[in-house]
Amino acid sequence: MPIAREDVAHLARLARLALADDELDHLAAQLDQIITAVARVQEVAADGIPPTSHSVPMQNVFRDDVTEPCLPAEAVLAAAPAAEQQRFRVPRILAEE
Amino acid sequence: MDSGIVRMSAADLAAGIAAGDLSAAEVTEAHLGRIEAVEDRVHSFLHVSAEQARRAAQAVDAQRAAGEPLGPLAGVPLALKDVFTTMDMPTTCGSAILDGWRPPYDATITRRLREAGVVLLGKTNMDEFAMGSSTENSAFGPSRNPWDLARVPGGSSGGSAAAVAGFEAPLGVGTDTGGSIRQPAAVCGLVGGKPTYGATSRYGLVAFASSLDTPGPLARTVLDAALLHEVMAGHDPRDSTSVDSPVPPVVAAARQADISGLTVGIVPELSGEGYQPGVLARFAEAVELLESLGAKLMEVSCPHFTYGLAAYYLIAPSECSSNLARFDAMRFGLRCGDDGTRSAEEVMSLTRESGFGAEVKRRIMLGTYALSSGYYDAYYGKAQQVRTLITRDFQAAFEQVDVLVSPTTPTTAFPIGERVDDPMAMYLADLCTIPANLSGNPALSVPCGLSPDDGLPVGLQIMAPVLADDRLYRVAAALEAALDRRRGYPLLDDAKGLA
């Protein structure tokens, strides 16, 4: 099933990318080509083969529960696009009343 | 400026500095001079930190004068990929979204290099967030191949490779997610190693695909790569996927350079149609040479390797779409369109649209697709099963042989611009390198001569069992010594792009 322009627009919303119109067209064709090529994995991945998410077999990794100094707030906020009163200042996250 | 210094190996520079025949300060000045002379043509660096480098070199000289012990690479300059955080230099990952970012902390790799007395010359160019095989995806323009300035130096660690092949630095550090150290090493005529996954720390390495990303060395000789590998590797409690086991004896292996009695497996799946004839010719000669040096040859089929590329281009974009969600315009980096009327979500979407380049967007979209409900099982799930099959292929092969070999790349360096808007053609550059990333096995590319059809370097890839990284260096050093003896001078003497 080819990937339609509307599918690309939906994915872009999920990925928080405000893609321009020409990018949607260009990407629809390219994604379709790539997805068709990578669908090859379905040829060999039979039922019963366990998935590998990670090449090192390890469980939870713990450290001793000892406090360590963290970065000073000034050092972290120095890279912020906007800061106020020792906090990140962000655009509104809730809709207007 | 003594041009002799910039042609020296890291091992010889470190020995000269330790013996007092050379000062770290003069070694650093020689390399800064070389950068000054060639950088406008090769564009290896995004940022050169001359003052910090001079101070680091002076500290090494002072340490020596005071009779304090020096690290194995003390005073040796290095080109660091701009994907590792550095407190005293910008870290951009080749992206406009991080243009000018000053990280508040050093990566573990950065810290280990500093503690070993390595002199960081600056940060090198790369494909944006390490996604690419040519450095053409850098927001700051491509680097060029010192063998031929019209061609790519490979990628994504192409800036580090161009710096080392262009004699701007004897050592470079890169990261390898699908071949991003080995492929640039191959096309620039260098040695480039991807250690066992987890052997080198990812703390402070800006994440692309966390289950695959592996820092590793780039150098002009096998011994230099081994010396750098040893400085970089080791357990890091700050990286939960860091392997807590001793670093394999890679330096000793590089010095030993003896492969008599070793069984070398040739992977037929990584050969044939689509490979440049000159690449296959040099590879075949190198394999014969290994046999004449005492290795036993054997063909070993790894049937699922041919599915590696497909699995990789589902797994890596999936992880990238998740990892790059952190670029949300709120806490660091670029913020666009925040005019007081727009919501956080709108600002986020506008910033990411403007701050990411075409390939990064393509991969975020691909990963979002592969992980979305209704497609997850058919794509991401299946790719993870293929990952198991490839790991099993490696395990079965290493019951029969000590190492596997293949060409590192299907072709030599391609012209700048040739594949930039043809993603599938670009992805093919990683065809041979991807299996070792999916399984976590260590692998290394070592030069095996120049392709007879275009005169450009060809790399031979060696792959070894997990945590047997030392075998890579044993085989590579034996091949390097035999080829150097036959040629009579270093391979890089033939690189004329910057002559």
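Which side chain meets that of Asp148(B) in a salt bridge? Here are some notes on that and on the contact between the chains.

1. A quick reminder to start: this is a predicted model. The partner of Asp148(B) is Arg151(B), and their side chains form a salt bridge with an N to O distance of 3.1 Å. Asp148(B) itself is partly exposed, with a relative accessible area of 26%.

2. Compare that with the salt bridge between Arg182(B) and Asp176(B), at 2.9 Å from N to O. Here Arg182(B) is buried, at 0% relative accessible area, and Asp176(B) is buried too, also at 0%.

3. Chain A has a pair worth a look as well: Glu84(A) and Arg89(A) form a salt bridge, with the closest N and O atoms 3.8 Å apart. Glu84(A) is partly exposed at 45% relative accessible area, and Arg89(A) is partly exposed at 38%.

4. Back in chain B, a network of salt bridges links Glu359(B), Arg362(B), Arg363(B) and Asp421(B). Over all chains, the structure holds 25 salt bridges.

5. Now for the interface. In chain B, 65 residues are in contact with 54 residues of chain A. About 5,100 Å² is buried between the two chains, and carbon and sulfur atoms give 66% of that area.

6. Between chain B and chain A there are 2 salt bridges; Glu345(B) with Arg16(A) is one of the salt bridges, its closest N and O atoms being 3.8 Å apart. On the chain B side, helix 14 gives the largest share of the residues touching chain A, 11 residues. By class, that side has 32 nonpolar, 16 polar and 17 charged residues.

Technical notes. Residues are numbered from 1 along each chain as its sequence is written. Chains are lettered from A and ligands numbered from 1 in the order in which they are written. This is a predicted model: local features need pLDDT of at least 70, side-chain atom pairs count only at pLDDT 80 or more; totals for chains, interfaces and linings use all residues. Side-chain values use heavy atoms; hydrogens and water are left out. Contact means heavy atoms within 4.5 Å. Buried area is the accessible area (1.4 Å probe) that two parts lose on being put together, summed over both. A salt bridge is a side-chain nitrogen of Lys or Arg within 4 Å of a carboxyl oxygen of Asp or Glu. Helices (H or I, at least four residues) and strands (E, at least two) are DSSP runs, numbered from the N terminus. Ala, Val, Leu, Ile, Met, Phe, Trp, Tyr, Cys and Pro count as nonpolar, Asp, Glu, Lys and Arg as charged, and the others, Gly among them, as polar. Buried means under 20% relative accessible area, exposed over 50%, partly exposed in between (1.4 Å probe, protein chains only).
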